[in-house]
Structures are given as C-alpha cells and as structure tokens.
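I opened this structure for the first time today. These are my notes on what I looked up.

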Amino acid sequence: LNRRVAELNQMLGREHEAEAAQKTKIDSINALVNSITAERDAAQQSGNAAAGQVQALSQQIADLTAELQKLNDSLGQANAKAVEQTTTIAELTQKLNLALAAKVGELARYRSEFFGRLREVLGNRTDIRIVGDRFVFQSEVLFPTGSATLEDSGKETLAKLAHTLNDISKTIPPNINWVLRVDGHTDKRPIHTAEFPSNWELSTKRATAVLEYLVDQGVPASRLAAAGFAEYQPVDTGTGDDALAHNRRIELKFDQR
C-alpha cells in the first residue's frame, strides 16, 4: 500500500506539472487571440485593408480558438483524472492507516503478554517495574555503581528475560517487524573516568552490554537496538537519593520498525 500511494502521488505531481504547463499555454494563446482580434478589428475599421488580410486574420483566430478548445478539453479530462487519483490516494491512505493500526494493536498484545510473563518470572520487585509501554530495571539490578560490566545476578535476570522473549517471539507473526529497544539512562551526577568521560558513554555502554548479553542468550541481533540518553531523560526531577536512583535505569521497549 505504501508503494502504491507513493506511485500515485508521483503521478499526481507529474500531472499537476503538465496542467500548469497547459494553463500557461492557454494563457499565451488567449493573449495571442486577443492581439490578432484587435488587429483584425482595426483593419476592418480602417477600410484600407485588403479583404484577404482580414480573412487571413479571421482564419488565424478560428485556428487558435479550435486549439484553445482542445487544450481546455484536455485540461478538463486531466482535472477529472486528478480528482479520481486524489480520491484513490485518500482511500489507500485510509486502508494503510487501518492496517498500521491493526499491526500496532497486535504488537501491543504481544508486548502485554511479554511484560506479563516477564513479571511472573522475575517476581514482584520494587526495582523492576512496568511504566507505560516500557519495562524498567534500576541500574543496580544489573550493574555495579559507575560500571557497565554486568554482575552475575544481573546476568541471571537477563537470562530469564531472554528466555521469555525467545518464547514469546515464536508466536509473533512474521509480518510484524518487531524490535526490542534497550535504553540506558543515568542520574545527573557527572562521571569523568578514562573509560567513561561522560554519562553519554556510561549509559550507551550499559545499553550495549545488555544487548550483547541478550544476543549471547539467543535473541536475534536483528531484533535488538541500543541507545544511551545519559542524564537527559529523567523520570524524577527530585534531588534526593531516591530520585537519583529512579533515574539510573535500563528501559526495554517492545517496538515496531
């Protein structure tokens, strides 16, 4: 549908260009007809013009008027076709939107199932929570402070996640192009080390470490993406320890490409 809509839009654009050229030509011929008509009228009024000259001018006007009629007829047909194509584009766009909405709704069902089963596997923990369409781990669940090296307990948690994801992914239809996005976030306290010159590097490396471990656990690399947001997407604007802990997190988003 996307391709068909794009093709129709391209055709419509070319036809609009052709219509504009035709309108320009019609305007030029109209101007020429007016000029020749004025010349013929002046010749008739002078009484000095030969009958042949007046007849020749009249014939030019008749020929130009016939050409104008053809152009106007062609323009009318082009306008009718453009209206038809515009209607077709609108109908196809509506179908496309409905199809996309259906896919998004279907993906939401698998996301809900994934998060529900993941919650069952991991248990009811305060440091792992569901927020909207994201599964959120506090960084301390997976990493030591200031590090992007997964702890053994973090690997165990991610292994359970990978097993659940691999199980759910078997039921997802192939036409749903899903991806699990891993987002790393830090708190606003700066870090300056040789390995992590800033929170950008720390958040990105943590997200990548999670991604790489999931690949090791059998999750297809083509279904994963990683991003680091440093401290610039806080979920808690407070300044206390609890607020900082909330902002140090790894988020998993089940998304569609």
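Grid points are joined across faces, edges and corners, and a volume is the space filled by probe spheres set on the points.

The model is predicted: local features need pLDDT of at least 70, side-chain atom pairs count only at pLDDT 80 or more, and totals for chains, interfaces and linings use all residues. Residues are numbered from 1 along each chain as its sequence is written, and side-chain values use heavy atoms, with hydrogens and water left out.

I found about 190 Å³ of space in the largest pocket. Its lining has 15 residues, and T145, G146, D187, R189 and R248 are the closest to the centre. Which helix gives the largest share of the lining? I noted helix 5, with three residues. Helix 3 (139-142) and helix 5 (199-216) each supply at least two. Helices (H or I, at least four residues) and strands (E, at least two) are DSSP runs, numbered from the N terminus. By class, I listed five nonpolar, five polar and five charged lining residues. Here Ala, Val, Leu, Ile, Met, Phe, Trp, Tyr, Cys and Pro count as nonpolar, Asp, Glu, Lys and Arg as charged, and the others, Gly among them, as polar.

**Strands.** Next I checked pairing (at least two DSSP bridges between two strands). Strand 5 pairs antiparallel with strand 2 (residues 134-138) over five bridges. There, Q138 stands opposite R249. Strand 5 also pairs antiparallel with strand 3 (residues 178-185), over eight bridges. I traced G184 to I250 and L180 to F254.

Strand 3 pairs with strand 4 in the parallel sense, over five bridges. In strand 4, G184 has G228 as its bridge partner. The chain runs from strand 3 through helix 5 to strand 4, a right-handed β-α-β crossover (clockwise from the first strand over the helix to the second, with the strands pointing away from the viewer).

**Burial.** Are these strands buried or exposed? Buried means under 20% relative accessible area, exposed over 50%, partly exposed in between (1.4 Å probe, protein chains only). Seven of the eight residues of strand 3 are buried. In strand 5 (residues 249-256), six of eight are buried, so the rest of the structure largely encloses this strand.

**A230.** A230 is not a glycine, yet its phi is positive, about 50°. Most residues other than glycine have a negative phi. A230 counts as buried because its relative accessibility is 0%.

Terms used
On a 1 Å grid over the protein atoms alone, a cavity is a set of points where a 1.4 Å probe fits but cannot get out, and a pocket is an open set with protein on both sides within 12 Å along at least five of seven lines; lining residues have an atom within 4 Å of a point.
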